[in-house]
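Let's take a walk through this fold, strand by strand and then out into the loops. Have the viewer open and follow along.

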Amino acid sequence: MLTSRQRGYHITATVRSHEKIDAILKTHPSWKNNIDFTVVADFTTEEPFDDIFHNTTKPFDYVIHTASPLRFQVNDIRKEMIEPAEMGTTKILRAAQKYGGSSLKRFVLLGSAVAVLNSFEDMTKEGKPYTERDWNPVTTEQAVERKDPVLGYNVSKTRAEADAWELMKSNKPTFDLAVINPDIIIGPMIHPISGPRSINQTNQFAIASFIDGTHKDIEGLTFPFYHFVDVRDVARSHVDALTNPAASGQRILLIAGLISPQLVVNIIRENFPQLRERVPEGNPSQILPPGIHPTGWDMRVSIDILAKGTNEKRWNYIDLKQSVIDTVNSMLEHRVI
Ligand SMILES: NC(=O)c1ccc[n+]([C@@H]2O[C@H](COP(=O)([O-])OP(=O)(O)OC[C@H]3O[C@@H](n4cnc5c(N)ncnc54)[C@H](OP(=O)(O)O)[C@@H]3O)[C@@H](O)[C@H]2O)c1
């Protein structure tokens, strides 16, 4: 896989502080030559992205927007999750429309499968597979009333993506939009790591929590969702989507396969004998928790679009076994488990 730098793009990346820039460059010294970093401390402030468009020496050809609140320990679901997600998306999209100029061809938005699936899905029976046409019906009021941060996150991603499509429709900018909708993202970590607390939320709950003593047993343990994709496929899909004509105006589902607590512990126990004692065994043949039958995904349209974005015209996902093995190896290398 070629990274965006290897494909010859010159990248301007936003981070929230100068300390973050230093930490990233310390972890990846070679990035200094290819990436300009710029600080957007908080995208909920007034016009947080305008200066980036004003100050760039070369106008941008593409924009990728990925940042969105993903912390579940919040006091105010509306103010800390939903509103910031919407603001981040709409503010960068508006800035792109106002100042992007005629060179700007495409805006790629990192959405989520939670904007597609139904948060109130009946997990006791398998429903009709989700497609790109589905939208999560969950509302802000439901998330706030139930004080449920997972629902709040689902609303935040659904609202932010809906806002983006709405702005495209009403403002008709010269560039187009492509949205990538991944389910649970796991995979090896390349961000600066300074201890176990640096493990990102989804790698923590889906993998590290089975090794670090959080779960002594997996009986009765459920996940909020049961499909995953490796972070390297997420990255590749975004870069491919910049120039793939088939991605224009599309929602692209990004789902590699099933994930469950049992599948994860099976892979760790089989492939890391040195960790076996620390990882609960569960019931190796009971892949999903009893009574759980998650709805699947109809991936035909998305796979076709993703394939058209590759040189080989073929899209292959990293499978769960490879993804878990590489993630655990990354955690061992960083000495965080
Ligand atoms: N992880 C998954 O399973 C998954 C699945 C589907 C989609 N996604 C999407 O993937 C993207 C990245 O998520 P992640 O898993 O990598 O989580 P993450 O590490 O928490 O990334 C979220 C990023 O957004 C930044 N951010 C949050 N609020 C901000 C604000 N007000 N102003 C500026 N920056 C802000 C965070 O900065 P700080 O960390 O400094 O606060 C962080 O860098 C998100 O859009 C998420 O919805 C994730």
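Start with strand β7 (residues 227-230): 3 bridges join β7 to β6, and these two strands run parallel. Strands here, like helices, are DSSP runs numbered from the N terminus, with at least two residues (E) for a strand and at least four (H or I) for a helix. Two strands pair if DSSP finds at least two bridges between them. Before going further, a word on what you are looking at: this is a predicted model, in which local features need pLDDT of at least 70 and side-chain atom pairs count only at pLDDT 80 or more, while totals for chains, interfaces and linings use all residues. Residues are numbered from 1 along each chain as its sequence is written.

Which residues come nearest to the ligand? Of the 19 residues around it, they are Ala67, Ser68, Leu70, Ser112 and Ile185. A residue is near a molecule or strand here if its C-beta atom, placed from the backbone, lies within 6 Å of it. By class, that shell has 10 nonpolar, 6 polar and 3 charged residues. The classes work like this: Ala, Val, Leu, Ile, Met, Phe, Trp, Tyr, Cys and Pro count as nonpolar, Asp, Glu, Lys and Arg as charged, and the others, Gly among them, as polar.

Now look at another pairing. Strand β5 (residues 176-182) and β8 pair in the parallel sense over 4 bridges, and Pro182 stands opposite Leu254 in β8. In a regular strand the side chains alternate between the two faces of the sheet. Are the faces of β8 (residues 251-254) covered or open? Both are covered: Arg251 and Leu253 on one side, and Ile252 and Leu254 on the other, are all buried. Buried means that 20 or more other C-beta atoms lie within 10 Å of a residue's own, exposed means 12 or fewer, and partly exposed is in between, with C-beta atoms placed from the backbone.

Ile252 turns up again in the core. The largest nonpolar core has 79 residues, and those with the most contacts inside it are Val108, Ile252, Val264 and Ile268. A nonpolar core is a set of buried Ala, Val, Leu, Ile, Met, Phe, Trp, Tyr and Cys residues joined through C-beta atoms within 7 Å. Helix α3 (residues 77-99) gives the most to this core, with 7 residues. In soluble globular proteins, nonpolar side chains tend to be buried together.

What about the loops? Lys172 has its place in the loop between α5 (149-171) and β5, and its phi is near 40°, a positive value in a residue other than glycine. Most residues other than glycine have a negative phi, and most peptide bonds are trans. Why does Lys172 count as exposed? Because it has 8 C-beta neighbours inside 10 Å. Arg335, in the segment after α10 (320-333), also has a positive phi, near 55°. Arg335 is exposed, with 9 other C-beta atoms within 10 Å.

The loop between α6 (201-206) and β7 holds Glu219, which is partly exposed because 13 other C-beta atoms lie within 10 Å. Glu219 and Pro261 are 42 residues apart along the chain, with 9.4 Å between their C-alpha atoms. Asp217 is also in the loop between α6 and β7, but counts as exposed, with 9 C-beta neighbours inside 10 Å.

Last, the annotation. UniProt, in an unreviewed entry, places the feature "domain: Thioester reductase (TE)" at residues 53-213. That span is 38% helix and 12% strand, and its end C-alpha atoms lie 47 Å apart. UniProt positions are given in the numbering used here, feature names are shortened, and annotations may be inferred rather than shown by experiment.
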